[in-house]
Amino acid sequence: MKAERMLGILGGMSWESTSHLYQLLNRGVAARLGGLHSANLVMRSVDFETIAALQRSDDWAQAGAILGEAGAGLRAAGAQALLIAANTMHKVADEVERLSGLHLIHIVDATAEALKQAGVRRAGLLATRYTMEGAFYRERMRERHGIEILIPGDATRAEVHRVIYDELCLGKVCEPSHQFYRRAIAELAQVGAQGVILGCTELCLLLDTERDGDILPLFDGTALHAQAAVDWLTSDNS
C-alpha cells in the first residue's frame with residue numbers, strides 16, 4: 001500500500017457499527033498485505049444524535065451539509081477517497097461527494113457487485129425505514145446494476161427500524177429481535193427474493209451471514225463496503 005493513498009471515513013452513525021467497520025478495514029488490509037500492515041485512514045466521527053434528529057425532521061439537506069463539511073475536513077487532512085459508514089446517509093451521497101471534493105466508495109455499488117456475482121437479480125432489503133422506503137437505494141440498484149429491490153410489509157418494516165435505533169445503535173443484541181429478523185427474511189423469501197441485503201451497518205451485530213443464511217443467502221453491506229475500501233487502499237496508485 002502506498003503511503004499517500006489515504007481513506008477518509010465519515011463515522012459515528014452509529015459508533016457501534018463504525019467500530020466494527022474499523023476492525024474490518026484493518027483486518028482486511030493486514031490479510032492482503034501481511035506483516036504489520038494496517039489501514040491508512042483518517043476519520044471524522046459525528047454525534048449521531050444530531051444526524052438522527054435531522055433524519056426524523058426530514059432535513060436531509062442539513063444532514064448532507066454537515067457530512068459534506070466533515071468530508072472536506074478529511075480531504076484537508078489528506079484523504080483521497082471517502083467512505084460514509086452508514087447505509088442511510090448514502091441518501092445524501094451525491095451532496096457529500098460534491099462538497100468534500102472526494103471520490104465516494106458507494107455502499108450500494110459494493111453490495112451490488114456481490115449480488116451480481118451470486119446471480120441475484122431480486123434482492124430483499126432489511127434496513128432503516130429511510131433506506132427501505134426511500135428511492136435512493138432502490139433506484140441506484142435498479143438503474144446502475146439491474147437489480148430489483150423487495151421490502152417487507154408495513155408492520156415488519158416498522159419493527160425492523162425500531163430494533164435498529166432502539167437496540168442495535170445502543171449496542172443491545174436481543175434474541176427476540178434476532179428471531180423477528182429471521183421471520184422478516186422468510187417473509188422476503190415468500191415474495192420472491194433470491195437473497196437478502198443487510199442494508200444497515202448495525203445488522204451484522206444481530207445476523208450472521210452463515211448461521212442465518214439458511215433461509216436465503218445474506219449479503220452484509222458493511223463487510224462488502226469494507227472489502228471495496230480495502231481493494232482501493234491496496235490497489236496500485238497508477
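Let me begin with Thr18, which counts as buried because its relative accessibility is 5%; buried means under 20% relative accessible area, exposed over 50% and partly exposed in between, with a 1.4 Å probe and protein chains only. The structure before you is a predicted model, in which local features need pLDDT of at least 70 and side-chain atom pairs count only at pLDDT 80 or more, while totals for chains, interfaces and linings use all residues. Residues are numbered from 1 along each chain as its sequence is written, and side-chain values use heavy atoms, with hydrogens and water left out.

Thr18 is found in helix H1. Helices here are DSSP runs of H or I with at least four residues, strands are runs of E with at least two, and both are numbered from the N terminus. Leaving aside neighbours within four places in sequence, Thr18 is in contact with Gly11, Gly12, Met13, Met43 and Ala85, where contact means heavy atoms within 4.5 Å.

I turn to the sheet beside this helix. Four strands form an open sheet in the order S2-S1-S3-S4, with parallel pairing; two strands pair if DSSP finds at least two bridges between them. Strand S2 (41-45) and strand S4 (103-104) stand at the edges with a single partner strand each, so one side of each is left without a neighbour in the sheet. Strand S1, residues 7-11, is joined to S2 by five bridges, and Leu7 stands opposite Leu41 in S2.

Helix H1, residues 15-33, lies across S1, S2 and strand S3 (81-84), at about 175 degrees to S2. Helix H4, residues 93-100, lies across S1, S3 and S4, at about 145 degrees to S3. The axes are lines fitted to C-alpha atoms, for helices over the stretch in contact, and angles run from 0 to 180 degrees between N-to-C directions.

Next, strand S5. Of the five residues in S5 (122-126), four are buried. S5 runs parallel to strand S6 (148-150), joined by three bridges, with Arg122 opposite Glu148 in S6. S5 also pairs in the parallel sense with strand S7 (195-198), over four bridges; there, Ala123 stands opposite Gly195 in S7.

Which residues line the largest pocket? They are Asp109, Ala110, Glu113, Ala114, Gln117, Leu224, Gln227, Ala228 and Asp231. A pocket is an open set of points on a 1 Å grid over the protein atoms alone, where a 1.4 Å probe fits, with protein on both sides within 12 Å along at least five of seven lines; lining residues have an atom within 4 Å of a point. Five residues, the largest share of this lining, come from H5.
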